[in-house]
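Here is a short briefing to read alongside the model. Keep the viewer open and follow the topics in turn.

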Amino acid sequence: MAAALAAACAVAVLLSGCTGGAPAASPSPSADAAEPIFATDEEALAAAESGYDQYRTTSAMILAEGGAAPERIAPFVTATYAVTLAEEFEAFRSAGARTIGDSTIDTVSLVDRSEADDSAEVSIYLCRDLTSVRVLGPDSSDITPSDRQNRVPSHVFLVSSADEASVLIVDRVEKWQGEDFC
């Protein structure tokens, strides 16, 4: 049981947008794009924030419900990332864990954007504040790791959805490994 609870805590940290790894380089803007998807960096940043917020809200709902119905995340992430998240939600569900509270984001900035073949790729930095999020075990006891980092610098990668190029979905979220900007 202790191993399952430890796994649940690890999953909660992962789903908080904190997977490891250094950020990958993003391609530079395409010179031959006729009609831009985003006219400005501000438009691209707003679309990225909106896409990330839909992911964050849905992920929080799934975790609050103990990992139930993980397929709800699919409209807000790429198919590859949905598979990864489904496995993590299942581990959370198997451990009988759930969350309470809500995370917030701040310090959002555009890192890079590129457009080609009627699709966009955008990456952003943001700070996730997990201070109000608690992980509860099967008996509703607080199992939130005492050494959890509450403000997490993150690098988020988003791509155009299949339905509309200006609607961005999350491709991956990595904990920023450089100097903490939160």
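How many aromatic pairs does the structure hold? There are four aromatic pairs in this predicted model, where rings of Phe, Tyr and Trp (its six-membered ring) pair if their centres lie within 6.5 Å. Planes under 30 degrees apart count as stacked, over 60 as edge-to-face and the rest as tilted. Since the model is predicted, local features need pLDDT of at least 70 and side-chain atom pairs count only at pLDDT 80 or more, while totals for chains, interfaces and linings use all residues. Residues are numbered from 1 along each chain as its sequence is written, and side-chain values use heavy atoms, with hydrogens and water left out.

**Aromatic rings**

- The ring centres of Tyr52 and Tyr55 lie 5.5 Å apart with the planes at 55°, so this pair is tilted.
- Tyr52 and Tyr55 are three residues apart in helix α2, which puts about one helical turn between them; helices (H or I, at least four residues) and strands (E, at least two) are DSSP runs, numbered from the N terminus.
- Tyr52 is buried at a relative accessible area of 0%, and Tyr55 is buried too, at 1%. Here buried means under 20% relative accessible area, exposed over 50%, and partly exposed in between (1.4 Å probe, protein chains only).
- One aromatic cluster is formed by Tyr52, Tyr55 and Tyr81.
- Arg172 lies over the face of Phe157, at 3.7 Å from the ring centre. A charge sits over a ring if NZ of Lys or CZ of Arg is within 6 Å of the ring centre and within 35 degrees of the ring normal.

**Nonpolar core**

- The largest nonpolar core has 29 residues. Such a core is a set of buried Ala, Val, Leu, Ile, Met, Phe, Trp, Tyr and Cys residues joined through side-chain atoms within 4.5 Å.
- At least two residues of this core come from each of α2 (41-64), α3 (79-94), β3 (119-129), β5 (151-160) and β6 (168-175).
- Helix α2 gives the largest share, eight residues.
- Which residues have the most contacts inside the core? They are Phe38, Tyr55, Val77, Ile124, Val156, Leu168 and Val170.
- In soluble globular proteins, nonpolar side chains tend to be buried together.

**Strands and sheet**

- An open sheet of four strands runs in the order β2-β3-β5-β6, with antiparallel pairing. Two strands pair if DSSP finds at least two bridges between them.
- β2 (104-116) and β6 stand at the edges with a single partner strand each, so one side of each has no neighbour in the sheet.
- On average, neighbouring strands of this sheet are turned by 20° against each other, direction ignored. The axes behind this value are lines fitted to C-alpha atoms, for helices over the stretch in contact, and angles run from 0 to 180 degrees between N-to-C directions.
- The hairpin of β2 and β3 has two residues between the strands, and Asp117 in the turn has a positive phi of about 50°.
- β3 and β5 pair in the antiparallel sense over nine bridges. Ile124 stands opposite Val156 in β5, and Cys127 opposite Pro153 in β5.
- β3 is mostly covered, with eight of its 11 residues buried.

**Salt bridges**

- How many salt bridges does a search of the whole structure find? The search finds 11, each being a side-chain nitrogen of Lys or Arg within 4 Å of a carboxyl oxygen of Asp or Glu.
- Asp53 and Arg56 meet in a salt bridge at 2.6 Å, N to O, and both lie in helix α2, three residues apart, about one turn of the helix. Asp53 is partly exposed at 30% relative accessibility, whereas Arg56 is buried at 12%.
- In the salt bridge of Arg72 with Glu65, the closest N and O atoms are 2.9 Å apart. Arg72 is partly exposed at 25%, and Glu65 is partly exposed at 44%.
- Asp171 forms a salt bridge with Arg172, with the closest N and O atoms 3.6 Å apart. Asp171 is partly exposed at 26% and Arg172 is partly exposed at 24%.
- Salt bridges also link Asp41, Arg113 and Glu115 in a network.
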